[in-house]
Amino acid sequence: MAAAAYLVVFYCATSGQNDENLGADEEEIVLLVWLVIDIANNKVVAVQHSYVKPQTADINDVILTEDCRQQTGLQENAIKSAQPLEQVLEQFDQFARTKLHGDAGGSFHFVTDGQLHFRQCLHPEAGNKNVELPPYFYSFFDLRKEFKKFYHQVEDVSCVKDMLDYIGLEVDESAEFGIRHGQEMGKIIQRMLHDGHRFENPEPVNARLEAGLCSKDEEIDTNCVIRARGLPWQSSDQDIAKFFRGLNIMKGGVALCLSAQGRRNGEALVRFIDQEHRDLALKRHKHHIGQRYIEVYKATGEDFISVAAGNNNEATAFLSRGAQVIVRMRGLPYDTSAKDIITFFVSGENPCNVMDGEEGILFVHKPDGRATGDAFVLFANEEDVGRALKKHREIIGSRYIELFRSTTAEVQQVLNRTMDPKTYEQQAPLITNVPQVPLMPQHIITSGSRKDCIRLRGLPFEARVENILEFLGEHAKSIVYQGVHMVFNAQGQPSGEAFIQMSSEHAAFMGAAERHHKNMYIGKKQRYIEVFQCSGDDMNVVLQGNTLMPQPYTYPYAAIPQSPGIIPMHSPLSPLSPAGRAPAYISPVYYWPYPSPYPSPPVSPTSYYQHNGPTVIVMRGLPFNASTADILNFFQGFPEVQPDSVQLHRNADGRPSGDAYVTFLSRTEAERSIQEKNRQNIGNRYIELFMA
């Protein structure tokens with residue numbers, strides 16, 4: 001690397017938290033400061049100060065938090081009239097190329113006060129806004145580390161003031177906030193240059209996740225691994241790396257977790273290069289991918305090995321070919337050959353080449369050699385894989401094929417699982433996997449025909465008792481002691497339902513009447529909630545399990561069939577009953593009463609677990625000309641949704657009602673469909689999804 005002629009101090013501030021919490025709240029950059037030092041002459045040659053307009057800024061919005069205004073002295077009008085981040089960065093790029101010869105490479109390096117300005121602020125925000133940063137933004141010097149490395153006797157440096165105090169320099173209080181901070185850093189750098197320090201070997205910022213293999217014998221530092229939870233099911237390893245942009249992940253360091261059925265379960269294990277980067281990753285807990293917040297927790301090296309490592313020689317040879325991208329094929333006819341797959345990709349409107357021909361295809365087999373219908377395919381570059389993925393749901397033989405971006409870890413997991421004979425042994429009932437805790441005492445659950453309870457449906461999966469209390473508002477005062485009953489499924493995940501015991505029938509009536517179809521707000525998300533009045537017997541029958549509960553007359557839902565398929569058109573439970581009216585439809589909903597293992601909030605919660613058998617969801621708001629094919633296309637990525645799983649509902653006069661009923665073979669997949677597809681569009685109409 002060529003020796004740098006300049007050092008450029010980089011400082012930024014956001015509209016939210018700053019200093020040691022910079023970037024923790026995902027607020028956007030509103031201030032950038034650059035200060036340029038000529039190394040040879042040890043002289044400041046330029047200072048640049050730019051306000052930045054956030055992407056979400058509106059003339060009527062309050063952009064700056066109170067803490068930001070008090071700390072920085074920034075004014076709303078100055079920020080609202082500024083240029084967006086991309087233009088401010090373009091202006092600096094023009095300055096760098098004309099004055100610092102940035103196009104020659106190596107002519108300058110950035111210096112920051114700690115890690116946060118680059119790793120937790122600039123790079124994540126640029127990634128979210130799809131702003132392409134020039135190459136010189138992918139390395140920098142951490143002034144705190146350089147200071148401690150040069151002045152060996154210094155024990156702890158946590159801010160610029162600590163460094164100024166150590167070398168005996170005064171803080172200049174006269175300049176503006178951002179300029180002052182840049183000038184103070186400049187003084188420290190000039191003193192270090194004067195004392196003989198050389199700024200060498202800047203820290204890299206990885207631009208892209210690189211592929212790599214992990215073996216079961218590898219030792220992995222537990223302090224370098226995290227678990228990310230709540231990921232969109234279609235997320236690839238590169239999507240997850242983008243979420244952690246600015247932090248350096250080990251080669252092959254993203255392992256997507258699979259469920260017992262071999263499907264992605266919304267979790268991933270990520271291995272960083274060291275503990276410092278892992279600790280920065282933990283600060284992104286509840287940051288967002290789109291509208292979804294992602295939970296980030298500590299994990300262990302053993303966790304990563306169990307998911308990412310493999311000892312299958314065939315998989316190792318396949319993955320060692322150095323492909324840039326792996327694609328997983330699912331739903332192949334069992335007699336598909338490698339030539340069939342090559343023909344599939346080279347033909348049609350989006351032809352593309354499989355890397356290394358037949359050697360770039362790995363079929364997945366059971367221990368007895370039978371095909372599973374899955375295969376992994378290698379591609380040499382992003383251009384080829386982009387065309388390949390456009391063939392999603394095209395046909396081989398008589399079957400449509402699903403295509404997904406995959407990872408080395410997913411290849412290892414799938415091969416490990418399918419080659420293990422235990423995978424195909426008879427599975428124990430789901431109820432055995434539920435935590436064995438004492439049953440809820442009978443006296444806590446009310447009974448009787450008095451309609452002094454309400455049922456909440458459509459709750460966000462992250463909803464807690466505190467959110468329910470806030471949603472009910474004044475009506476929460478009428479909840480009896482230990483009267484909030486959250487319903488969970490067999491995997492311990494929220495089902496989106498709750499039962500509330502109220503102090504009287506009137507209280508239940510008023511709560512249902514005033515809160516039905518009102519919105520619940522959790523962070524940036526909002527969902528409207530269905531609220532129905534019901535009796536203690538209704539609630540007790542459901543919560544004590546395996547029996548039927550009448551649904552409200554105004555919402556005629558189809559019954560859940562006891563085996564896969566759809567309800568006969570003239571079934572007594574069918575919405576198309578010959579009577580031509582909506583009877584009191586019932587659906588067998590199974591609950592097992594296991595109380596929550598979590599600490600009790602203000603109103604003690606009681607949690608229940610549901611069955612995982614065939615489950616029906618309701619689609620509401622369909623265009624009246626919607627067909628079964630439209631619904632199948634809407635549920636791409638859910639292969640168990642077939643034409644015979646879909647029932648379009650019609651009114652008594654035979655016209656479409658805008659509703660449809662879709663049967664899933666498991667409640668887990670039904671819940672995933674609601675989580676992933678609720679309020680997405682068919683045509684120009686958004687579709688609501690909820691359990692029948």
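Guide: Ser-139 has Pro-204 of strand β7 as its bridge partner. Strand β6 (residues 139–142) and β7 run antiparallel and are joined by two bridges; two strands count as paired if DSSP finds at least two bridges between them. The model is a predicted one, in which local features need pLDDT of at least 70, side-chain atom pairs count only at pLDDT 80 or more, and totals for chains, interfaces and linings use all residues. Residues are numbered from 1 along each chain as its sequence is written, and side-chain values use heavy atoms, with hydrogens and water left out. Helices (H or I, at least four residues) and strands (E, at least two) are DSSP runs, numbered from the N terminus.

The β6–β7 pair belongs to an open sheet of seven strands with mixed pairing, in the order β4-β3-β2-β1-β5-β6-β7. Its edge strands are β7 (203–204) and β4 (83–84), each of which pairs on one side only.

Helix α5 (residues 143–150) lies across β5 (108–112), β6 and β7, and runs at about 55 degrees to β6. Angles here run from 0 to 180 degrees between N-to-C directions, and axes are lines fitted to C-alpha atoms, for helices over the stretch in contact.

Helix α6 (residues 160–167) packs with α5 at an angle of about 30 degrees, the axes being 11 Å apart. α5 is therefore roughly parallel to α6, a term for angles under 35 degrees, with over 145 counting as roughly antiparallel, 65 to 115 as roughly perpendicular and the rest as oblique. The crossing of α5 and α6 is left-handed, meaning that the near helix is turned anticlockwise from the far one by less than a right angle. Leu-143, Arg-144 and Phe-147 of α5 meet Met-163, Tyr-166 and Ile-167 of α6, where contact means heavy atoms within 4.5 Å.

α6 also packs with helix α7 (residues 177–194): their axes come within 10 Å and cross at roughly 40 degrees. These two helices, α6 and α7, are therefore oblique to each other, and their crossing is left-handed. On the α6 side, Val-160, Met-163, Leu-164 and Ile-167 take part, meeting His-181, Glu-184, Met-185, Ile-188 and Arg-191 in α7.
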